[in-house]
Amino acid sequence: MTIADEDTIDFAGIEKDTGTLVLTIVDHLAWGEEYDGVHLLFLQNKMNTYLQFIEGGQVNDSFPPEAYEKIVIRVIAQYPFSSDCLRLLDLSKQAIVNAGFDLEWELSQT
């Protein structure tokens, strides 16, 4: 599953050392001016899917609330983030934190 699969959760699991439920978005697409708009839309839609999964309660079907301490949405990208993407992530983080969750992003090490 990837960022283009907008209606799915790519990966989910609880970190044993922190008790954090991590919902991971895999971004395999490169950034380039001619398709940055579509890429940003994929990312925004994917984050919205994750929020709906959490806020709609479906997360509790797989992970009972007593099994984790907090929820983090983590974006792992194969290619460096564009400045527009970083702006979107910063704005999204504010909204997600206000909703009671967290948002992190990182560049894949592979």
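Tutor: Start with Thr24, which counts as buried at 12% relative accessibility.

Student: Why is Thr24 called buried?

Tutor: Buried means under 20% relative accessible area, exposed means over 50%, and partly exposed lies in between (1.4 Å probe, protein chains only). Thr24 has 12% relative accessibility, so it is buried. One caution on sources: this is a predicted model, where local features need pLDDT of at least 70, side-chain atom pairs count only at pLDDT 80 or more, and totals for chains, interfaces and linings use all residues. Residues are numbered from 1 along each chain as its sequence is written, and side-chain values use heavy atoms, with hydrogens and water left out.

Student: Where is Thr24 found, and what does that label rest on?

Tutor: Thr24 is in strand E2. Helices (H or I, at least four residues) and strands (E, at least two) are DSSP runs, numbered from the N terminus.

Student: Which residues does Thr24 touch?

Tutor: Leaving out residues up to four places away in sequence, Thr24 touches Asp10, Phe11, Tyr50, Arg74 and Ile76. Contact means heavy atoms within 4.5 Å.

Student: What about Val26: why is it called partly exposed?

Tutor: Val26 is also in strand E2. Its relative accessible area is 23%, so it is partly exposed. Val26 touches Met1, Thr2, Ile3, Asp10, Phe11 and Ile76, again not counting residues up to four places away in sequence.

Student: How do you know that E2 and E3 pair, and in which sense?

Tutor: Two strands pair if DSSP finds at least two bridges between them. E2 and E3 have eight bridges, in the parallel sense. Within this pairing, Ile25 stands opposite Val75 in E3.

Student: What makes E3 and E4 a pair?

Tutor: E3 (residues 70-77) and E4 share six bridges, also in the parallel sense. Ile76 stands opposite Glu106 in E4. The bridge partner of Arg74 in E4 is Glu104.

Student: What is the order of the strands in the sheet?

Tutor: The sheet is open, with four strands in the order E1-E2-E3-E4 and mixed pairing. Strand E1 (11-14) and strand E4 (102-107) are the edge strands, as each pairs on one side only. From one strand to the next, the twist averages 25°.

Student: Why is E3 called largely enclosed?

Tutor: Six of its eight residues are buried, so E3 is largely enclosed by the rest of the structure.

Student: How does H3 lie on the sheet?

Tutor: Helix H3 (residues 83-98) lies across E3 and E4, at about 155° to E4. Axes are lines fitted to C-alpha atoms, for helices over the stretch in contact, and angles run from 0 to 180 degrees between N-to-C directions.

Student: What makes the crossover from E3 through H3 to E4 right-handed?

Tutor: Point the strands away from the viewer; a crossover is right-handed if the path from the first strand over the helix to the second runs clockwise. The β-α-β path from E3 through H3 to E4 is right-handed.

Student: What of H1: which strands does it lie across?

Tutor: Helix H1 (residues 36-55) lies across E1, strand E2 (20-27), E3 and E4, at about 155° to E2. Its buried residues include Leu43, Met47 and Tyr50. Just after H1, Gly57 takes a positive phi of about 90°.

Student: How do you know that the length of H1 is close to the expected one?

Tutor: The expected span is 1.5 Å times one less than the number of residues. H1 has 20 residues and reaches 28 Å from first C-alpha to last, close to the 28 Å expected.

Student: What makes the largest nonpolar core a core, and which residues have the most contacts inside it?

Tutor: A nonpolar core is a set of buried Ala, Val, Leu, Ile, Met, Phe, Trp, Tyr and Cys residues joined through side-chain atoms within 4.5 Å. The largest has 26 residues, and Leu43, Ile73 and Leu89 have the most contacts inside it. E2, H1, E3 and H3 each supply at least two of its residues. H1 gives the most, with seven.

Student: Why is Leu89 called buried?

Tutor: Its relative accessible area is 0%, so Leu89 is buried. Leu89 sits in helix H3. Beyond its neighbours within four places in sequence, Leu89 contacts Leu43, Met47, Val75, Phe81, Leu103 and Trp105.
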